[in-house]
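Subject: Structure handover

Hello,

Here is the structure I said I would pass on. My notes on what was found in it follow below.

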Amino acid sequence: KINLANDFAFTGTVTGAGAYELLQTQTASSTSTISFTSTYLNSTYNHYYVVIENATFSTDGADGTFEFSANNGSSYLANGSFFNQLAYDSTFRVDGPTVSQVSMRTFSSVDGDNSNNNGIGCLEMHMFNLSSTTDKKLIWFVVNQHTQGGDAGKYLIGQFGLDTTSAVNNIRLGVNSGTFVTGKFKLYGVR
């Protein structure tokens, strides 16, 4: 037994600790969509992690979305999803549950660059079982963004379940109006 009250020093490499491995980084430049493909979304990992850093949007009021494909982007899953979201922007509310969604809404009514405020949005998202052909898929995310009035602090926590046992090998991030003006989009595999 190890007494965890004692101090320990370690050398070498720690394995099996749930390492986050950066697979791909994409930078938006007036881009309508960002896709992560089967090159990276495959059976190597059971857990994927997406980070969006400092995304800016061309249009006030736009929503950011994620869509999922089982055929590497030839088409996107049209239904069988479940969505629920908690939001706080000086008022706490629960949106959902909503079923049969075409896409998962993440950013909500953003402050775009076509006003004086020009807000940003940041996101962290975890996705599980994407390559499974027997299990359904689970996704949860956290978003912090500026609202259309430029106020910092619209905070969203959401979950999304894909009611499919098909392997998902492509995700597309987009906006329902305008483009991502800037932002870094990172995909990690988690061991």
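**The open sheet**

An open sheet of 4 strands runs in the order β2-β11-β4-β7, and its pairing is antiparallel. Please bear in mind that the model is predicted. At the edges of the sheet stand β2 (33-36) and β7 (104-105); each has a single partner strand, so one side of each is left without a neighbour in the sheet. β7 pairs with strand β4 (residues 64-69) in the antiparallel sense, over 2 bridges. Threonine 65 has arginine 105 in β7 as its bridge partner.

**Overall make-up**

There are 12 strands and 0 helices in the protein. Of its 191 residues, 41% count as buried. Among contacts with a separation of 6 or more, 75% are between residues 24 or more positions apart.

As a general point, nonpolar side chains in soluble globular proteins tend to be buried together. Here the largest nonpolar core has 31 residues, and Val50, Phe66, Phe68 and Met127 are those with the most contacts inside it. At least two residues of this core come from each of β2, β3 (47-57), β4, β8 (121-128), β9 (137-146), β10, β11 and β12. The strand that gives the most is β3, with 5 residues.

What does methionine 127 touch? Leaving out residues up to four places away in sequence, methionine 127 touches Asn46, His47, Tyr48, Val50, Phe68, Leu138, Ile139, Ile171 and Leu187.

**Aromatic rings**

Searching the whole structure gives 7 aromatic pairs. One of them joins tyrosine 20 and tyrosine 188, edge-to-face, at 6.4 Å centre to centre and with 70 degrees between the planes. This pair links distant parts of the chain, since tyrosine 20 is in strand β1 (residues 20-27) and tyrosine 188 is in strand β12 (residues 180-190), 168 residues apart. Tyrosine 20 counts as partly exposed, at 43% relative accessibility, whereas tyrosine 188 is buried, with a relative accessible area of 16%.

Phenylalanine 180 and phenylalanine 185 also form an edge-to-face aromatic pair, at 5.0 Å centre to centre and with 70 degrees between the planes. Phenylalanine 180 is buried at a relative accessible area of 1%, and phenylalanine 185 is buried at 0%.

Ring pairs also link Tyr20, Tyr49 and Tyr188 into a cluster. Separately, arginine 172 places its charged end over the ring of tyrosine 76, 3.9 Å from the ring centre.

**Asparagine 169**

Is asparagine 169 buried or exposed? Asparagine 169 has a relative accessible area of 19%; buried means under 20%, so this residue counts as buried. Asparagine 169 lies in the loop between β10 (152-162) and β11 (170-175). Its side chain reaches the backbone nitrogen of asparagine 72 at 2.7 Å. Asparagine 72 is also on the list of residues that asparagine 169 touches, not counting those up to four places away in sequence.

Regards

Technical notes. Residues are numbered from 1 along each chain as its sequence is written. This is a predicted model: local features need pLDDT of at least 70, side-chain atom pairs count only at pLDDT 80 or more; totals for chains, interfaces and linings use all residues. Side-chain values use heavy atoms; hydrogens and water are left out. Rings of Phe, Tyr and Trp (its six-membered ring) pair if their centres lie within 6.5 Å; planes under 30 degrees apart count as stacked, over 60 as edge-to-face and the rest as tilted. Buried means under 20% relative accessible area, exposed over 50%, partly exposed in between (1.4 Å probe, protein chains only). A charge sits over a ring if NZ of Lys or CZ of Arg is within 6 Å of the ring centre and within 35 degrees of the ring normal. Two strands pair if DSSP finds at least two bridges between them. A polar contact is a pair of N or O atoms within 3.5 Å; within protein, one must be able to donate a hydrogen and the other to accept it, and residues adjacent in sequence count only if both atoms are side-chain atoms. Contact means heavy atoms within 4.5 Å. A nonpolar core is a set of buried Ala, Val, Leu, Ile, Met, Phe, Trp, Tyr and Cys residues joined through side-chain atoms within 4.5 Å.
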